[in-house]
Structure formats: C-alpha cells, structure tokens
Amino acid sequence: MPSEKIIFDYSIPKTLQIKLTGEWLMSSGIPAISEFTSQFSGHSDVTQIVFDTSKISKWDSGLVSFLFGLIKECQRKNIKIERKGLPEGVLKLLDLIEKIGEKNKPQETKPEPFLQRLGGRALQLKESLLSLLGFLGEITVSFNRVIAGKAYFRFNDFMLIVQRCGADALGLVSLISVLVGIILAFIGAIQLQIFGAQIYIADIVGIAMVRVMGAVMTGIIMSGRTGASFAAELGIMQTNEEIDALKTLGVDPVEFLVVPRILALVVMLPLLTLYADFMGILGGYIISAGVLGINPVEYLNHTQSAVKLSNLWIGLIHGFVFGIIIAISGCLRGMNCERSANGVGEATTSAVVTSITSIVVATAIITFICQVLGV
Amino acid sequence: MKEASEVVIEVRNLDLSYDDYEVMHNLNFKISKGDIFIIMGTSGCGKSTLLKSLIGLRPPAKGDVLYGEKNFWREDASGQKDLMRRFGVLYQSGALWSSLTLGENVALSLELYSNLSASQIQEVVELKLALVGLSGYSKFYPSEISGGMRKRAGLARAIALDPDIVFFDEPSAGLDPINARMLDDLILKLRDTLGATFVVVTHELASIFAIGNNSVFLDANSKTIVAEGSPKDLLANSKNSNVIGFLTRGQKQGGQ
C-alpha cells in the first residue's frame with residue numbers, strides 16, 4: 001500500500017521527479033527509505049531530485065520524517081535536492097532542523113575493545129574493594145567522634161530509626177519465627193517418632209532456634225526490610241543532592257546518616273533475635289503440645305535444660321554481626337548510588353544481595369569457629 | 001495571527017483542592033487552537049495543580065475540563081485515554097525515563113500508538129530529536145546529557161505523536177538564559193509549523209512576554225483568576241495590583 005503514495009518519474013534527463021500523493025500520516029504508515037534507495041539504485045546518472053506534492057491530502061510528521069531521511073540519504077550520495085515543491089510547513093520544519101542542528105553535535109564514542117573492557121572490570125573491582133575499605137575507615141573515624149561527643153548526633157533521628165528497624169519489624173519477625181519453629185518441630189517429629197523420642201523435639205527446636213535459626217531468619221528479614229530501605233533512602237538522598245548539601249554544610253554524611261543507622265541496627269538486631277528465639281520456641285511448643293501430643297510441662301522443662309546460656313550468647317553474637325553487615329551494606333550501596341532511578345534500584349538490589357550472602361558466609365564462619373572452640 | 005477560532009480546551013467552574021484545603025475556585029477560561037496560552041501566577045498559587053487537572057493526573061474537586069465536545073472528567077477510562085493521546089506533556093524536570101535512551105524515550109509512544117515499523121519509528125525518532133537540536137543523540141541515556149538537553153529531549157518525546165495540544169510545566173526552570181530563549185524560540189517555531197496549541201505554566205516573565213499570546217493570572221489571595229488576556233495587554237491595561245506587581249517584578253505594586 002505505501003508504494004502507491006510515491007511515484008518516481010525519470011522523464012526529465014538527470015532529474016528524478018518524486019510525486020507524493022494521498023495521506024502521509026504516521027497512523028496510516030509511511031514508506032521506508034530503503035524502498036526509495038532500492039528503486040533509485042538503477043539510475044546512477046540522476047543528479048537532482050524535485051518534488052511534486054500537490055496531490056498530498058493530509059500530512060504530519062510521517063511525511064517530514066520520510067523526507068528528512070531521504071535528504072540525508074541524498075546528501076550522502078551527493079544528489080542535489082530541489083525543495084521548492086514541498087509543502088510550506090514541511091519546509092519550515094526542515095529549516096528549523098538545519099538551523100538548530102549545526103551547533104549541537106555529539107562527540108563520537110567508540111566501543112571499547114574486549115580486553116580493555118575486561119581490564120576495566122578488574123580495575124572496577126579493585127576500586128569497589130578500596131571504596132569498601134575507605135567506607136569502613138570513615139565509619140570507624142565517625143564512631144570515634146560520636147563516642148568522643150564531637151559529632152553532630154541527633155538523638156531523635158536515631159530513635160526514629162530504632163523504631164523503624166525494631167518495633168515496626170516485630171509483626172513480620174513474629175510470623176516468620178513462629179512458622180520456622182513449627183517447621184522445625186514437624187521435621188524433627190518425622191525422625192524422632194520412629195524411636196518414640198518425640199520429646200527431643202523440644203531440644204531440636206530450642207537449640208536450633210536460639211543458636212542460629214532465630215538470628216539467621218531475623219537477619220534475612222531485616223536485610224530485605226531495613227537494608228533495602230537504607231539503600232533506597234540514601235540513594236534517593238544522593239540523587240536529590242541532599243548528601244552534597246550536607247557536605248557543603250560541613251557535616252560529614254557518614255556521621256550524620258550512616259552512624260545512627262548502624263548503631264540502631266546493631267542494637268535492635270540482637271534484641272529482635274532474642275524475640276525471634278522465643279517466638280520459634282513458641283511455634284514448636286504449639287505444635288508439640290497441640291498436634292503431636294507431647295506433655296506441655298515436660299516440653300518446657302526439656303527446652304530449659306537443653307538450651308544452654310552459651311547457645312544464647314552464640315545466637316546474640318550472630319545477631320550483632322548481622323546487624324553490622326546489613327547496616328553497612330545498605331548504607332554503602334546507598335551512598336555509592338548512581339544518580340538515577342535505575343541507580344536506586346540497583347543499589348537496593350545489591351544491598352539485599354550483599355547482606356544476605358554475607359549473612360550466610362558469616363554464619364558459616366561463626367559456626368566453624370564455635371566448632372573449633374568446642375562451644 | 002488568525003482571529004481566535006476553534007476552542008480546543010474549555011475550563012468551566014473548576015474548583016481545585018487538596019482534601020479540605022481549597023487551592024483555587026471557580027476557574028473559567030477557554031484556549032483556542034494555535035494559542036500559546038500562559039497560566040501564570042506566583043509560586044505555590046496552584047498553577048501546577050491546575051495543570052494536573054488539565055492533563056488528567058488529578059481530578060478537580062468540582063467543575064469540568066472540556067476538550068472540544070468531550071468532558072474529560074466525565075469520560076470513562078478508555079475515553080480519557082483517547083483524549084490523553086491527543087496531548088503531549090513536557091514535565092518540569094524533563095521526566096525522561098532514565099533506563100531508556102533518548103531514542104527509546106521518544107519511540108515508546110510511537111510503538112504504542114502508531115502502526116509504523118521499527119525502522120520507520122527510528123526515522124520519526126531521528127526527525128523529532130533533530131527538531132529539538134539533538135540529532136545524533138538517540139543512543140545517549142538521560143544521565144549522560146545536560147539539563148537543557150534533557151528538557152529538549154522531553155519536548156521531543158512530548159511531540160512524538162504530533163499532538164494537538166502540548167502542555168509545558170515551567171519549561172525554562174533551571175535553564176540558562178540562552179537555553180531558555182532557545183526553548184522559547186523552539187516553542188514558537190513548533191507552533192507555527194505543527195499548528196499545535198501550547199499551554200505553558202510558568203512564572204518566567206521573559207518567556208511570558210516572548211511567547212504568550214493569551215493568558216490567565218491565578219491569584220493566590222483570592223484563589224481564582226483575576227486577569228485574562230494577552231500578557232502585553234495585561235501589563236498595559238490591568239488594574240489589578242497583584243497582576244501588575246507580578247508582570248513588573250514588583251516595581252509597580254500600585255497602592256499595595
């Protein structure tokens with residue numbers, strides 16, 4: 001259909017007359033430039049193109065973009081274009097393009113060769129490692145200043161963060177921990193029922209929850225919840241130049257934004273872990289007493305004797321370490337965020353991924369150390 | 001300039017509010033085809049809120065916005081969508097989608113609402129970018145170009161579908177005088193060539209006088225329109241001290 005809109009007339013020597021007819025609207029489709037070039041390829045003697053557009057009934061940017069492409073193509077082939085026959089509006093638009101185009105030319109960018117890209121990545125890795133170390137150093141210095149009372153520390157902000165990453169997370173932590181307790185009880189029951197030793201479910205649930213599961217589940221919940229929110233919050237602040245505003249005011253953004261967040265999470269995560277431990281034991285208790293028919297009092301007694309204080313300490317140490325990990329990865333990603341919507345998304349994702357990975361690695365390390373120490 | 005003819009937008013008895021807080025009340029004005037219509041007023045008087053009600057982002061508390069025969073806020077969702085397709089909007093910050101290149105930003109509406117093939121869309125995109133002086137930039141991301149260029153790219157996106165009406169929210173905000181002037185020129189030229197109607201929300205006096213041929217003045221105190229007409233006429237003839245104060249940068253505040 002589009003080819004009916006365009007007629008090529010070679011009757012005048014060395015001149016191509018292009019007749020355009022009908023509607024040239026974006027909504028009804030426009031011919032491709034390639035159609036023109038293939039038609040034109042057999043007539044290398046043509047040095048000039050003229051237009052007859054008197055039969056065009058309606059046009060919009062469809063026509064202009066076709067002509068714009070055609071003109072560029074002809075410039076490449078050194079063919080002269082006689083614009084006189086074009087509609088007045090089109091001429092004005094083409095003029096506008098030419099006037100405005102001259103001063104605005106982008107610089108040519110060449111794609112990097114493979115090895116250069118590879119090297120670039122390696123250097124980037126080094127950079128990001130250095131920036132992590134630098135960030136840790138800044139945090140240490142800032143903490144020193146906070147402890148020495150030299151830092152600008154807003155207690156109200158700190159309490160707000162404490163509330164957001166502590167009290168506000170209780171519901172979610174309760175739900176997940178109770179369910180983990182229930183799952184552990186059921187899984188324990190499968191094996192222990194064979195030996196008639198269901199009562200040891202109490203030991204399994206108690207030790208597993210208090211020693212590691214309570215902390216790990218809380219850690220994972222908090223990476224998704226608080227770590228991500230730290231990264232997004234600081235990322236948006238970076239995008240909005242709020243962090244630059246702090247710097248120019250002489251306030252160290254690490255001191256003002258990062259330290260309270262780390263402090264809040266380091267305080268709240270062990271507490272949430274403790275809470276998760278109780279909730280997990282509660283979950284195991286509900287299933288054991290309600291479904292598996294274990295004597296409730298006996299269950300509690302067994303839990304009490306099985307869970308040693310050392311287990312509790314190990315759990316709390318996990319919580320403490322996870323708090324540091326989540327807060328640092330969230331804040332680091334947020335502070336290094338690229339200034340765009342994309343950047344904020346990437347910062348958030350990478351904060352969660354980093355903290356969950358680090359949590360699992362840290363758990364493995366702590367478990368190994370405890371094994372070696374025999375605790 | 002031709003005499004004001006066909007009315008493209010009519011605002012009737014429009015009330016704007018945030019919950020219980022009244023922003024503006026009883027707004028009435030008409031915008032004719034081919035106008036560059038300025039909505040002006042002091043900061044915070046409700047210009048942007050009015051714009052949001054015109055472009056379908058925020059329902060008014062009361063009243064009607066008519067596009068030709070169609071009453072925007074009485075239309076169903078698909079009717080509203082059809083109307084929205086007829087206008088382009090340039091947001092204050094450009095509001096380019098940062099994950100897309102400039103070319104993709106312009107191409108998106110063409111991909112959604114036209115029957116063009118990929119290569120034809122590419123040609124239209126090149127044209128639109130060239131119109132705003134950004135030819136050759138289609139592979140760049142918004143984060144790689146300057147603020148003025150981002151605004152122009154936003155304009156290329158707004159005119160991608162050859163809209164009947166183009167809305168501008170503070171087009172020259174954040175631009176240097178040269179770039180602001182360039183954008184004004186571009187608006188004038190596009191009006192002459194595309195034949196579209198332009199509605200501009202602004203408080204930049206230079207722009208107001210350079211491009212506006214009709215306007216309304218929103219007054220923050222009385223919360224309604226206190227003056228209507230071409231900005232130059234208002235400057236010469238308005239009796240309202242707020243309008244005169246605004247148009248002369250407070251140098252002729254009158255009795256107040």
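Predicted model: local features only at pLDDT ≥ 70, side-chain atom pairs only at ≥ 80, totals over all residues.

Residues are numbered from 1 along each chain as its sequence is written, chains are lettered from A and ligands numbered from 1 in the order in which they are written, and side-chain values use heavy atoms, leaving out hydrogens and water.

**Exercise 1.** Work out which strands pair with strand 7 of chain B.

*Solution.* Strands are DSSP runs (E, at least two residues; helices are H or I, at least four), numbered from the N terminus. Two of them pair if DSSP finds at least two bridges between them. Start with strand 6 (residues 87-90) of chain B: four bridges tie it to strand 7 in the parallel sense, and Phe87(B) sits opposite Ile165(B). Next, strand 8 (residues 197-201) of chain B is also parallel to strand 7, with five bridges; Val166(B) has Phe198(B) as its bridge partner there.

**Exercise 2.** Is strand 7 of chain B enclosed or open?

*Solution.* Buried means under 20% relative accessible area, exposed over 50%, and partly exposed in between (1.4 Å probe, protein chains only). Five of the five residues of strand 7 (residues 165-169) are buried, so the rest of the structure largely encloses this strand. Ile165(B), Phe167(B) and Asp169(B) point one way, Val166(B) and Phe168(B) the other.

**Exercise 3.** Find where Val372(A) lies, and decide whether Val372(A) is buried or exposed.

*Solution.* Look in helix 12 (residues 341-373) of chain A. Val372(A) has a relative accessible area of 60%, so it counts as exposed.
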